[in-house]
Amino acid sequence: MGNIFSPFSAPRKGARRAEGLCNPGSFDELHRKCKDVFPQQIEGVKLIINKSLSSHFQVSHTVHMSTIGHSSYHLNTTYLGDQQLSATETFPTLIGDISSAGSLSAQILHLITERIRTKAVFQTQQAKFTTWQFDTEYRGDDYTATLTLGNPDLISESVIVVAHFLQSMTSRLVLGGELVYHRRAGEEGTIVTLAGKYTALKWIATLNLGYGGAHASYYHRANDQIQVGVEFEANTRLQETSFAYGYQLTLPEANMIFKGFLDSNWCVGAVLEKKIPPLPVTLVLGAFLNHWKHRFHCGFSIIVG
């Protein structure tokens with residue numbers, strides 16, 4: 001028999017590489033660009049002093065005088081190794097934070113090979129361990145796979161296992177999913193969530209959809225000064241939905257950054273950051289109002305270093 005002609009040619013090996021696909025990053029960073037637009041809530045008076053003891057060792061002192069809770073002091077230390085993959089990724093990294101109440105939080109990030117990264121997180125509430133978590137992440141040319149083991153307890157046979165996978169389908173589209181398995185005394189269950197992210201020239205759209213609910217975000221960069229973000233979250237277990245709109249205005253000539261937000265729970269807030277060159281000082285002013293609960297919080301922070 002003669003050769004049969006097929007109008008659909010088989011995909012060639014390495015076609016994805018020919019398209020210039022890159023690694024999609026971590027699953028936890030899917031909504032990071034949109035979340036960075038929203039201001040972080042502050043209240044009371046806070047003094048933060050950052051000091052670099054060397055190129056590898058940094059120390060931070062934080063004094064917080066709260067108006068709604070207990071005042072506290074935090075000592076934070078950071079060690080950065082010699083393996084620097086980018087401006088924000090250095091291995092190994094050791095971070096420790098201890099408060100005046102005796103609570104400790106520690107993180108260890110290590111690069112085993114060029115593609116395998118590990119992380120360990122420990123948290124204590126005074127003398128009691130509350131969190132111990134271990135992560136292993138593998139980054140391929142155009143995909144990322146992560147496995148997380150949280151709070152393993154052999155005596156009570158309780159554990160939380162989280163698996164993430166992201167695949168770059170095109171240079172703009174990323175698809176993946178999350179599987180969460182938890183087991184404790186008298187309870188066991190699994191939740192599967194699908195995820196997708198589309199990156200354009202000036203905007204990013206992300207969607208997480210699963211049995212537990214949905215989380216959608218949209219980030220748009222209008223120009224070098226204005227950025228906006230929109231978030232929508234729906235929780236099927238609590239039967240609740242929320243919508244939030246945030247924006248960021250950057251004024252480099254004035255060394256100022258202004259962030260604000262408004263959500264469907266009748267909450268509004270804004271934070272103003274002002275640098276004072278040539279001094280290594282940053283002033284932060286924030287105000288947040290919850291109309292529904294009739295609560296108002298304001299804060300003032302001084303960051304040195």
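Start at the hairpin of strand 4 and strand 5, where four residues sit between the strands and glycine 102 takes a positive phi near 95°. Keep in mind that this is a predicted model, in which local features need pLDDT of at least 70, side-chain atom pairs count only at pLDDT 80 or more, and totals for chains, interfaces and linings use all residues. Residues are numbered from 1 along each chain as its sequence is written, and side-chain values use heavy atoms, with hydrogens and water left out.

Strands here are DSSP runs of E with at least two residues, helices are runs of H or I with at least four, and both are numbered from the N terminus. Two strands count as paired if DSSP finds at least two bridges between them. Strand 4 pairs with strand 5 (residues 104-111) in the antiparallel sense, over six bridges. One place to look is leucine 94, whose bridge partner in strand 5 is isoleucine 108.

Now go back along the chain. Strand 3 (residues 72-84) and strand 4 (residues 90-99) also run antiparallel, joined by nine bridges. Threonine 78 stands opposite isoleucine 95 in strand 4, and a hairpin of five residues links strand 3 to strand 4.

Next, the inside. A cavity is a set of points on a 1 Å grid over the protein atoms alone where a 1.4 Å probe fits but cannot get out, and its lining residues have an atom within 4 Å of a point. Grid points are joined across faces, edges and corners, and the volume is the space filled by probe spheres set on them. Searching the whole structure turns up one cavity of 30 Å³ or more, and the largest cavity holds about 30 Å³ of space. Among the residues lining the largest cavity are His31, Cys34, Thr206 and Tyr219. Helix 2 (32-35) gives the largest share of that lining, three residues, while strand 12 (203-210) and strand 13 (213-221) each supply at least two.

What about disulfides? The whole structure has zero, a disulfide being a pair of cysteine sulfur atoms within 2.5 Å. Take cysteine 267: the closest cysteine sulfur, in cysteine 298, is 16 Å from its own sulfur, so a bond is out of reach. Cysteine 267 is buried, at 14% relative accessible area, whereas cysteine 298 is partly exposed, at 43%. For those labels, buried is under 20%, exposed is over 50% and partly exposed is in between, with a 1.4 Å probe and protein chains only.

Notes: On a 1 Å grid over the protein atoms alone, a cavity is a set of points where a 1.4 Å probe fits but cannot get out, and a pocket is an open set with protein on both sides within 12 Å along at least five of seven lines; lining residues have an atom within 4 Å of a point.
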